[in-house]
Amino acid sequence: VLPFDSLGNSSWLVFLEEETNVKVTKLLQALRKFDRRKEWFLGKPLHDEESTIIHHYAFAENPSIFKYPDFSAAWALSIPLLDSKVRDEPLKSDFTIDLKHEVALYIWENGQGPRLTAVPELCTEPEHSPTAQHCATTLSSPAPLCGEPVKKEDIFVAVKTCKKFHTERVPVVKKTWEREAFLLEYYSDHTDPSIPTIDLGVPNTERGHCGKTFAILERYVSDAVPKTRWLLVVDDDTLISLPRLQMLLSCYDPSEPVCLGERYGYGLGQGGYSYITGGGGMVFSRAAVVRLLASDCKCYRDDAPDDMVLGMCLNALGLPVTHSSLFHQARPDDYSRDFLAHQVPISFHKHWNIDPVAVFNRWLKDESRSTSPRGLNKSTKEEL
């Protein structure tokens, strides 16, 4: 959060991300085009191509009419707008899913507040691109790894499935990313030697899978599986790039209690908690799993939402939830094209209305292992 006092008495509040480079002179010139005495909400606009669950199906009749900022390009509020918006009132939803969209909705306030105004100088072009000469903000080129990629032998992969999806979803995993895993087990409510699957003794549930996930955690620290530094828990309809995950994990210390994935929030305005949404993949260091299991935290029902119960446990233990925007709880179609254009994603979720193999090949398959997720360096951690 960067106040620009050089414009006079903190005229603007500018929000930046770690990967964003700023040409201060150009940024000041861009902001001077706007009357600082008025309420302004400035940024690089994104919009939805279709209504999406991650935005609560907002503007379902025409989702492209509502614009929200690409945080990677920086965004700004004028001080008069900030003064009018900073007040004690409850959040519009119990769930915090996509902050950039929810911030825009909060400021718009059902048409009572300003909409996002586009600023051409706020860009997500690569910093050395010839097309970025007019830009006040650019993105860093993909950075070197924090260290050597984590070895695939150091990651144990747990895939949650059930009998009814053995012939529908499991073959997709086998056709796409299973071959990149060194240690992988499928956990089901039915033993099927042809896959093979392991029955953990927890019946399948239609909603949450807390009982199954906690059984996976218990198995992970037992002698039943090889000892590894990292545990990845995914659904059978999760598409993931394990080589990119290996690169990302080079930025973290597995001796620390690390819990990594796409961060959501529940009841944050009323003392709630953050959690890693399960569909995009939940990554735990061994130290985190040991701490979780040593606590009194457990499922209040087998069909409780596993990701949210784990979030409550982490919150009670004072352990951080670490966010990465490279994990995705939904399909590529559920995100703005411009948002995905400057990412090297690690995962997507849900197979409905898509060809999952084609999605994997387009978004997650690397012909060369040299592809590095943007912004990987020792400041990549976003502990929220």
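A residue is classed as buried when its relative accessible area is under 20%, as exposed when that area is over 50%, and as partly exposed in between. In the predicted model examined here, Asn62 has a relative accessible area of 36% and is therefore partly exposed. Asn62 belongs to the loop that connects strand E5 (45-46) with strand E6 (68-69). Between the C-alpha atoms of Asn62 and Arg291 there is a separation of 46 Å, and the two residues are 229 residues apart along the chain.

The UniProt record, in an unreviewed entry, assigns the feature "domain: Fringe-like glycosyltransferase" to residues 149-354.

Helix H5, formed by residues 210-220, is mostly covered, with 10 of its 11 residues buried. These buried positions comprise Cys210, Gly211, Lys212, Thr213, Phe214, Ala215, Ile216, Leu217, Arg219 and Tyr220. Thr213, located in helix H5, has a relative accessibility of 0% and therefore counts as buried. When residues up to four places away in sequence are set aside, the contacts of Thr213 are with Lys160, Met282, Asp306 and Leu310.

Helix H6 (residues 242-249) is largely enclosed by the rest of the structure, because eight of its eight residues are buried. The buried set consists of Leu242, Pro243, Arg244, Leu245, Gln246, Met247, Leu248 and Leu249. Packing against these residues involves several strands, namely E12 (155-160), E15 (230-235), E16 (238-240), E17 (259-261) and E20 (282-285), together with helix H10 (356-363). The N-terminal end of H6 is capped by Ser241, a side-chain oxygen of which is placed 3.3 Å from the backbone nitrogen of Arg244.

Empty space in the model was also examined. Rolling a probe the size of a water molecule over the atoms shows where such space is left. Classified by type, the lining of the second largest pocket includes 13 charged, 12 nonpolar and 11 polar residues. The greatest contribution to this lining comes from helix H8 (residues 306-317), which supplies three residues.

Notes. Residues numbered from 1 in each chain as written. Predicted model: local features only at pLDDT ≥ 70, side-chain atom pairs only at ≥ 80, totals over all residues. Heavy atoms only, no water. Helix = DSSP H or I, 4+ residues; strand = E, 2+ residues; numbered from the N terminus. Nonpolar A, V, L, I, M, F, W, Y, C, P; charged D, E, K, R; others polar. Buried < 20%, exposed > 50% of the residue type's maximum accessible area, 1.4 Å probe, protein only. Contact = heavy atoms within 4.5 Å. Polar contact = N/O pair within 3.5 Å; in protein donor to acceptor, adjacent residues only side chain to side chain. UniProt positions renumbered as here; feature names shortened; annotations may be inferred.
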